[in-house]
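Good morning, colleagues. Please have the sequence and the coordinates open, as I shall refer to both throughout this presentation.

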Amino acid sequence: MSSFDLKNESEVKEYIDKLGVEYRFGCYSEKKPEVCHLLGDYLEGIRKDFEKAAKVYRSNCDDYNYGKSCLKYGNYTFLGKGRTSEKGDPAKAYSYYEKGCTLNDPDACLHSGLLLVSKLMPKEITRDVPKGFELLKKSCEMNNAGACFYLSGMYISGVLKEEYQQAAKKATEAPTTTTTQEQRPPGAYVVERNMEKAFEFAYKACELRNMYACANLSQMYAKGDGTARDEKKAEKYKKLAMEMQDEVKKQQQLTFQQGLNPT
């Protein structure tokens with residue numbers, strides 16, 4: 001593609017039009033899945049034609065098994081975006097997230113895993129913590145920071161089986177005696193509380209630049225939870241978490257300023 005003066009409005013329009021032509025050719029004529037995904041992004045981000053974008057993402061997932069497009073169409077379906085009814089379909093969204101995960105997209109593994117482990121999952125989806133846990137592990141293995149952080153949290157608190165969760169809820173609503181973790185029988189947990197594992201996943205998530213994991217890591221070092229107590233490392237990761245928080249604030253401010261009309 002020849003060079004364009006992106007400060008010239010007419011040249012920018014020509015550039016955008018040519019970009020669309022190139023993406024359509026690469027997708028429909030050359031049948032390149034990565035270009036089809038770019039076409040979907042073009043329709044979504046530049047043309048704001050969400051209905052057409054959804055069709056491209058769906059076709060690219062169904063016909064070419066492109067994991068990123070499965071994730072995108074899953075997002076569209078979950079939110080009801082690009083659909084005439086504007087009503088989400090969580091069960092269908094999950095099927096596309098799961099396919100994307102099978103195709104090794106880490107974000108698709110994260111989304112499908114979260115849908116299965118969440119207590120607030122849509123009624124259309126049956127909660128399945130063991131399966132969701134494995135999907136999150138796969139996502140973390142592919143270096144998804146959010147998945148690693150969520151796994152750390154699961155190990156920090158432990159995850160009770162459904163029947164024990166119901167019993168714990170009733171005990172909270174009408175307290176007589178409190179059952180502690182130690183008093184529960186073996187096998188009461190889907191995920192046993194394990195601070196060493198929690199530390200491992202928090203450490204990896206922090207290395208992958210998850211701010212909340214770094215904050216948790218600081219607390220673990222400060223208290224000696226899951227690792228040896230180390231005040232210097234506690235301070236190190238606290239400082240790192242605060243630096244990340246400042247970066248997020250600056251980015252948000254920059255994004256807001258970019259959206260302001262010049263006066």
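This is a predicted model: local features need pLDDT of at least 70, side-chain atom pairs count only at pLDDT 80 or more; totals for chains, interfaces and linings use all residues.

Cys 27 and Cys 36 form a disulfide, with 2.1 Å between their sulfur atoms. Are the two partners buried or exposed? Cys 27 has a relative accessibility of 6%, and therefore counts as buried, the cut-off being under 20%. Cys 36, at 1% relative accessibility, likewise counts as buried.

Let me place this link in its helical setting. Cys 27 is among the residues of helix H1 that meet helix H2, and Cys 36 is among those of H2 that meet H1. Helix H1 covers residues 9-29 and helix H2 residues 33-45; their axes come within 8 Å and cross at roughly 145°. The handedness of the H1 and H2 crossing is left-handed. On the H1 side, the contacting residues include Ile 16, Leu 19, Gly 20, Tyr 23 and Gly 26. On the H2 side they include Val 35, Leu 38, Leu 39, Tyr 42 and Leu 43.

I turn now to the next pair of helices. A disulfide is formed by Cys 61 and Cys 70, whose sulfur atoms are 2.1 Å apart. The link of Cys 61 and Cys 70 is right-handed, with 95° about the S-S bond. Both Cys 61 and Cys 70 are buried.

Helix H3 spans residues 50-64 and helix H4 residues 67-79, and their axes come within 8 Å, crossing at roughly 135°. The crossing of H3 and H4 is left-handed.

Cys 101 is buried, with a relative accessible area of 2%, and Cys 109 is buried at 0%.

How many disulfides does a search of the whole structure find? It finds five. With bonded cysteines counted along the chain, the pairing pattern is 1-2, 3-4, 5-6, 7-8, 9-10.

Asn 104 has a positive phi, near 70°. Asn 104 is located in the loop between helix H5, residues 90-102, and helix H6, residues 106-117. Its relative accessible area is 46%, so Asn 104 is partly exposed. Arg 209 also has a positive phi, of about 75°, although it is not a glycine. Arg 209 is found in the loop between helix H10, residues 195-207, and helix H11, residues 211-223. With a relative accessible area of 48%, Arg 209 is partly exposed.

I would also draw attention to Lys 233, which lies in helix H12, residues 231-258. Lys 233 is partly exposed, at a relative accessible area of 37%. The C-alpha atoms of Lys 233 and Ser 218 are separated by 6.9 Å, while the two residues are 15 residues apart along the chain.

Finally, the overall picture. Of its 263 residues, 35% are buried. What share of contacts between residues at least 6 apart in sequence joins residues at least 24 apart? That share is 51%. The accessible surface comes to about 16200 Å², and carbon and sulfur atoms account for 51% of that surface.

Key:
Residues are numbered from 1 along each chain as its sequence is written. Side-chain values use heavy atoms; hydrogens and water are left out. A disulfide is a pair of cysteine sulfur atoms within 2.5 Å. Buried means under 20% relative accessible area, exposed over 50%, partly exposed in between (1.4 Å probe, protein chains only). Contact means heavy atoms within 4.5 Å. Accessible areas come from the Shrake-Rupley method with a 1.4 Å probe; for residues, only the protein chains shown count as cover. Axes are lines fitted to C-alpha atoms, for helices over the stretch in contact, and angles run from 0 to 180 degrees between N-to-C directions. Helices (H or I, at least four residues) and strands (E, at least two) are DSSP runs, numbered from the N terminus. A crossing is left-handed if the near helix is turned anticlockwise from the far one by less than a right angle, and right-handed if clockwise.
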